[in-house]
Amino acid sequence: MMIAVLGSTGSIGRNTLGVIRDFSDKFNVTALSTNSNIDILSQQIKLFHPALICIRDKNSALDLKSRLNLKNIKLFVGEEGLEEMVQDKRIDKVVLAISGASALLPLLKAIESGKDIALANKEALVMAGHIIMQKATHKKITIIPIDSEQSGIWQCLSSEDKNKLKNIYLTASGGPLHKISRKYFKNISVSQVLKHPRWKMGVKISVDSATLMNKGLEVLETMHLFGVEPDKIKILIHPEALIHSMVEFTDGVILAQLSITDMRIPIQYALTYPERLANKLPNIDFLSVKKLSFQEPDFKRFPCLGLAYRVAQDEGTMPAVLNAANEVSVSEFLKNGLDFVSIPRVIERVLNRHRNKIAPDLDDVLEADSWARREAYQAMQKLRH
Ligand SMILES: NC(=O)c1ccc[n+]([C@@H]2O[C@H](COP(=O)([O-])OP(=O)(O)OC[C@H]3O[C@@H](n4cnc5c(N)ncnc54)[C@H](OP(=O)(O)O)[C@@H]3O)[C@@H](O)[C@H]2O)c1
């Protein structure tokens with residue numbers, strides 16, 4: 001099977017290439033893409049010999065051309081380049097491991113051109129889940145989730161009647177600030193936030209895990225992937241992070257999906273589905289785990305969770321606004337331009353100013369996204385004064 005890995009230089013992208021290497025008799029890499037990290041991309045080109053590559057940043061693309069002989073490789077550049085590359089006939093499955101809203105348009109193009117999708121990115125579904133899912137149904141495309149919680153739900157539901165679903169339990173490790181009192185949040189540093197207790201991830205999702213916005217985004221992701229109302233999606237803090245999600249049926253039976261905390265497991269499943277292949281990863285040793293614990297999430301310490309449930313009820317363009325305001329605030333926090341407690345404040349201000357458009361089309365979503373980014377910058381300026 002010929003695989004395109006979009007966002008190949010990131011955490012999920014690199015793990016995906018690791019899995020592909022372990023199953024090199026089954027998978028080939030046809031296409032790779034990065035934003036600007038040509039150092040890692042060069043190494044990946046030498047190892048995987050893709051026919052197609054895309055670099056979003058034009059200067060980085062010129063730099064790579066001067067460094068590497070790209071004979072036999074077609075180079076695409078920029079956002080339009082990526083949208084063109086994903087449609088190439090040689091690609092069977094697209095792994096979408098780009099972070100943030102930039103994944104939306106290439107994802108839609110990949111679906112339109114009939115590729116199966118292994119989806120790690122959650123922001124695109126948050127923004128435009130109804131459009132993505134409608135297009136996928138129309139094109140008879142399978143979108144297999146890579147996000148560990150969604151992969152767990154997918155596996156628990158695979159042979160079940162979805163009409164008999166009562167609740168979905170999304171588990172959350174609690175993130176790096178789980179045991180820290182809110183009074184210390186104002187002075188939390190970027191490095192503290194990036195120290196996740198269980199997962200090694202890209203910087204944006206690491207901040208989202210600390211604010212618990214990541215879990216909020218997953219509520220929206222779950223709604224769209226499985227067609228479930230938000231009031232049926234419950235969050236449980238589960239610090240051991242071994243249960244990745246649970247599904248409860250109308251007869252009171254609950255199915256849970258467990259595995260060690262390693263993204264290579266859901267990535268492998270999304271690549272090999274519907275087959276399960278043996279791998280060399282360690283297994284859960286229940287006797288050393290001893291206990292699995294659960295707690296209620298704290299909506300006061302982590303207001304992003306409440307904001308996510310609010311937009312999940314509102315629908316329309318509100319989720320795209322939440323996502324854009326979150327991306328801007330997180331990026332500013334990472335540059336030390338915004339303190340940690342101001343992230344939800346900025347998002348809330350922007351949401352409060354938005355005039356929701358119900359049943360938006362793609363243009364409405366993109367317009368709401370740009371509007372919310374501008375508003376978020378203004379909200380940050382107001383908070384500073
Ligand atoms: N990491 C995890 O364990 C995990 C788990 C579940 C879901 N996810 C989701 O998977 C996605 C990727 O997460 P990650 O942790 O792998 O992120 P990451 O490490 O930051 O990697 C992001 C990748 O996307 C590329 N990229 C960033 N902005 C781009 C743009 N505007 N255009 C084109 N490419 C761009 C990056 O290129 P450069 O390297 O050049 O910046 C990099 O290859 C996110 O949506 C995240 O929520 C991640």
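Helix 1 (11–22) and helix 9 (203–211) each contribute at least two residues to the shell around the ligand, where helices are DSSP runs of H or I with at least four residues, numbered from the N terminus. The model in which this shell is seen is a predicted one, in which local features need pLDDT of at least 70 and side-chain atom pairs count only at pLDDT 80 or more, while totals for chains, interfaces and linings use all residues. Residues are numbered from 1 along each chain as its sequence is written.

The ligand is surrounded by 28 residues, the closest being Gly7, Gly10, Asn35, Met201 and Gly202; a residue is near a molecule if its C-beta atom, placed from the backbone, lies within 6 Å of it. Helix 1 provides the largest share of this shell, three residues. Domain 1 (2–141) and domain 2 (148–262 + 279–297) each give at least three residues to the shell, with bounds from an automatic or database domain assignment.

We turn now to a pair of helices. The axes of helix 6 (residues 123–138) and helix 14 (residues 318–334) come within 8 Å and cross at roughly 160 degrees, the axes being lines fitted to C-alpha atoms over the stretch in contact, with angles that run from 0 to 180 degrees between N-to-C directions. Helix 6 and helix 14 are therefore roughly antiparallel to each other, a term that applies to angles over 145 degrees. Their contact is made by Glu123, Val126, Met127 and Ala128 of helix 6 together with Pro319, Ala320 and Asn323 of helix 14, where contact requires C-beta atoms, placed from the backbone, within 7 Å.

Definitions and conventions:
Angles under 35 degrees count as roughly parallel, over 145 as roughly antiparallel, 65 to 115 as roughly perpendicular and the rest as oblique. Two residues are in contact if their C-beta atoms, placed from the backbone, lie within 7 Å.
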